[in-house]
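The sequence and the structure are shown below.

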Protein chains: 2
Amino acid sequence: MSTDPGSLPRPRGRPRKFDHATALDAALRTFWTRGYGGTSLDDLTAAMKMNRPSIYAAFGNKDAVYAAAIERYVATIGARYLEPLQEPRLTEALTGFYRNVIDGVTGRHGPLGCIVACTLPAEAGASASARRRLARVLAQIDGAIHARLAAARTAGELPADADVRVLAQTVTSGMLAMSVRARAGATRANLGKLARRFVAAVTGATG
Amino acid sequence: MSTDPGSLPRPRGRPRKFDHATALDAALRTFWTRGYGGTSLDDLTAAMKMNRPSIYAAFGNKDAVYAAAIERYVATIGARYLEPLQEPRLTEALTGFYRNVIDGVTGRHGPLGCIVACTLPAEAGASASARRRLARVLAQIDGAIHARLAAARTAGELPADADVRVLAQTVTSGMLAMSVRARAGATRANLGKLARRFVAAVTGATG
DNA sequence: GTATTTTTGTACTGTTCGATCTAATATTAA
DNA sequence: TTAATATTAGATCGAACAGTACAAAAATAC
């Protein structure tokens, strides 16, 4: 789409050598692996293939790159986790959710675990902004799952008196735990069993 | 007990100014709050009230202090979490487990969350030893709960075909998630509801 | 062409990092 | 008292850190 002849004319100065999204993905991977404190600007310049002034001009300081990386993770990989929630039947929606989570945290497409569950809590202990960011992301996921469970309750797939707020937090909790376990080296098969247990616990099936 | 007249004679040189356990507790609190990468040796000297050479003589390097702090956490606070598992009835055992977890992670006796769930995963992404340490602690907790669930199954409190291995991982998963949620500011009341849901999910009660 | 604008690449800033060297200090043993 | 021993305290090491100044480079505008 950048080669669209009808798009805006090229800007004035020397053209950028980097692609914003590609560079941010590289930064994401680095923070995801090494955490915030374990990532240096030399690590970032190497991974992003940008020199320091370019990074500062494009993103701000190190904190801002980390924040942008978290947002990128949520908008891309996190969003993929939530996609299966649109499945018509609740059991399949939750099973698909966990399937995508397990696929995302077991290292096939990136580092082990999830950048939110594995690196943000470490920063949240001393940084109020990190704590707020963590709370916001958790609330976002809880909210998305809560909406799906409320719909399931309306559809009669859950008891009318089910506390869907707590159930939604239970589903998210399974995801957080799987992320930490994957970071420790848990196998896909093991996490799959755990996922079935969580699905059964929420839908009420006897697992 | 250090004033016991029958104890060993005082060692030869200048007496130590610090108490080992007290200094380690101070280091634990610091790592727990700020994470490994966020804690500097200046932070440690200030918290432990020891100068650098004394820290190095007593513990080794920064990594060794962190490792000792994790072990101290597991042996003291972590052990307290597991104590209620000795309750005769499974529901009370698990309820007590989560009660102690919530008490431990919501900041009344220390920083928010748990040093294992909130700081170790960040290091585990780039450090094989941290990953092994994380895996070992998780296996330890899973194992303790597994033993309790196996006993409950024998006692008829769980179905004979219950997969107590996965159920144990489910219980631990609840703890991990509560730790991360507490780090983000979750209230005791909220975590209490979540705990009841986890207990019900494992014991089979309809929650 | 020439001027203007924006990015790049390198060198550099002062600071902070983990770790150590050295000497003063405080105890026991003889 | 004297010697031996172990810890404390402060200074200091080279390396790594986050962030920036500055000039060369590469494009557009006129």
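By class, how many nonpolar, polar and charged residues has the surface near DNA strand C? There are 9 nonpolar, 6 polar and 11 charged residues on that surface. Here Ala, Val, Leu, Ile, Met, Phe, Trp, Tyr, Cys and Pro count as nonpolar, Asp, Glu, Lys and Arg as charged, and the others, Gly among them, as polar.

The model is predicted: local features need pLDDT of at least 70 and side-chain atom pairs count only at pLDDT 80 or more, while totals for chains, interfaces and linings use all residues. Residues are numbered from 1 along each chain as its sequence is written, and chains are lettered from A and ligands numbered from 1 in the order in which they are written.

**DNA surfaces**

A residue is near a strand if its C-beta atom, placed from the backbone, lies within 6 Å of it. Helices (H or I, at least four residues) are DSSP runs, numbered from the N terminus.

| DNA strand | Surrounding residues | Closest residues |
|---|---|---|
| DNA strand C | 26 residues | A:Gly13, A:Arg14, A:Ser54, B:Ser40 and B:Leu41 |
| DNA strand D | 26 residues | A:Arg14, A:Ser40, A:Leu41, B:Gly13 and B:Ser54 |

Helix 3 of chain A provides the largest share of the surface near DNA strand C, 4 residues. Near DNA strand D, helix 3 of chain B gives the most, with 4 residues.

**Protein interface**

Contact (C-beta atoms, placed from the backbone, within 7 Å) links 38 residues of chain A with 38 residues of chain B. On the chain A side, helix 8 contributes the largest share, 10 residues. That side has 19 nonpolar, 12 polar and 7 charged residues.

Technical notes:
Two residues are in contact if their C-beta atoms, placed from the backbone, lie within 7 Å. Helices (H or I, at least four residues) and strands (E, at least two) are DSSP runs, numbered from the N terminus.
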